[in-house]
Amino acid sequence: MQSIGIAEAKNNFSALIDLVEKGEEVRITRHGKEVVRMLPVRRKPVITDEQIERELRQIDALHASIRPGPAVRALREEGQQA
């Protein structure tokens with residue numbers, strides 16, 4: 001990742017585009033604060049395989065904690081008795 005001021009970015013815009021095309025992330029700042037982030041169009045996934053696996057384990061744990069409710073037939077019978 002490269003951080004560069006607006007004036008310098010303006011003077012070296014083509015070179016910055018080349019960096020982004022090669023996969024670099026470029027941040028352009030004004031008075032030290034980031035105002036623009038240039039990212040390559042084809043990026044690696046934002047979420048890692050480990051994060052996906054962790055999320056899937058959490059979903060599995062949630063499914064395991066959910067207890068099935070009464071069957072529809074039992075509900076109908078209960079409603080008929082009332």
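Is Glu 25 buried or exposed? Glu 25 is buried, with a relative accessible area of 14%; here buried means under 20%, exposed over 50%, and partly exposed in between, worked out with a 1.4 Å probe on protein chains only.

## Ground rules

This is a predicted model, so to speak a computed one: local features need pLDDT of at least 70, side-chain atom pairs count only at pLDDT 80 or more, and totals for chains, interfaces and linings use all residues. Residues are numbered from 1 along each chain as its sequence is written, and side-chain values use heavy atoms, with hydrogens and water left out.

## Overall layout

The protein chain has 4 helices and 3 strands, in the order β-α-α-β-β-α-α from the N terminus on. These elements are DSSP runs numbered from the N terminus: H or I of at least four residues for helices, E of at least two for strands.

As for dimensions, the C-alpha trace spans about 80 × 25 × 20 Å along its principal axes. The radius of gyration of the protein chain is 27 Å, while a compact globule of 82 residues would come in near 12 Å. That radius is taken over C-alpha atoms, and the globule rule is 2.2 Å times the number of residues to the power 0.38.

## Burial and contacts

Of the 82 residues in the protein chain, 12% are buried.

Take the contacts (heavy atoms within 4.5 Å) with a separation of 6 or more: 24% of them are between residues 24 or more positions apart.

## The charged network

Side chains of opposite charge can pair when their charged atoms come close. In this model, Glu 25, Arg 27, Glu 34 and Arg 37 are linked in a network of salt bridges, each bridge being a side-chain nitrogen of Lys or Arg within 4 Å of a carboxyl oxygen of Asp or Glu. The count by this rule is 4 salt bridges.

Let's start at Glu 25, which sits in the loop between α2 (13-21) and β2 (26-30). Glu 25 bridges to Arg 37, with the closest N and O atoms 3.6 Å apart. Since Arg 37 lies in strand β3 and Glu 25 in that loop, the pair ties together parts that are 12 residues apart in sequence. Arg 37 itself is partly exposed at 44% relative accessible area, and its side chain also meets Glu 34 in a salt bridge (2.9 Å, N to O). Glu 34, partly exposed at 36%, bridges to Arg 27 too, the closest N and O atoms being 3.1 Å apart. Arg 27 counts as partly exposed at 21%. The side chains of Glu 25 and Arg 27 are joined by a polar contact of 2.8 Å, meaning N or O atoms within 3.5 Å; within protein, one must be able to donate a hydrogen and the other to accept it, and residues adjacent in sequence count only if both atoms are side-chain atoms.

Over in the loop between β2 and β3 (33-38) you'll find His 31. His 31 has a positive phi of about 55° although it is not a glycine. Most residues other than glycine have a negative phi. His 31 counts as exposed, at 80% relative accessibility.

## A nonpolar patch

Ile 47, Ile 52, Leu 56 and Ile 59 make a nonpolar surface patch of about 320 Å². Patches take residues with over 30% relative accessible area and no salt bridge, joining like charges within 9 Å and nonpolar side chains (Val, Leu, Ile, Met, Phe, Trp, Tyr) within 5 Å. Ile 52, one of the four, is in helix α3 (residues 49-65) and is partly exposed at 36%.

Definitions and conventions: Areas by Shrake-Rupley, 256 points an atom, 1.4 Å probe, with all protein chains shown as cover.
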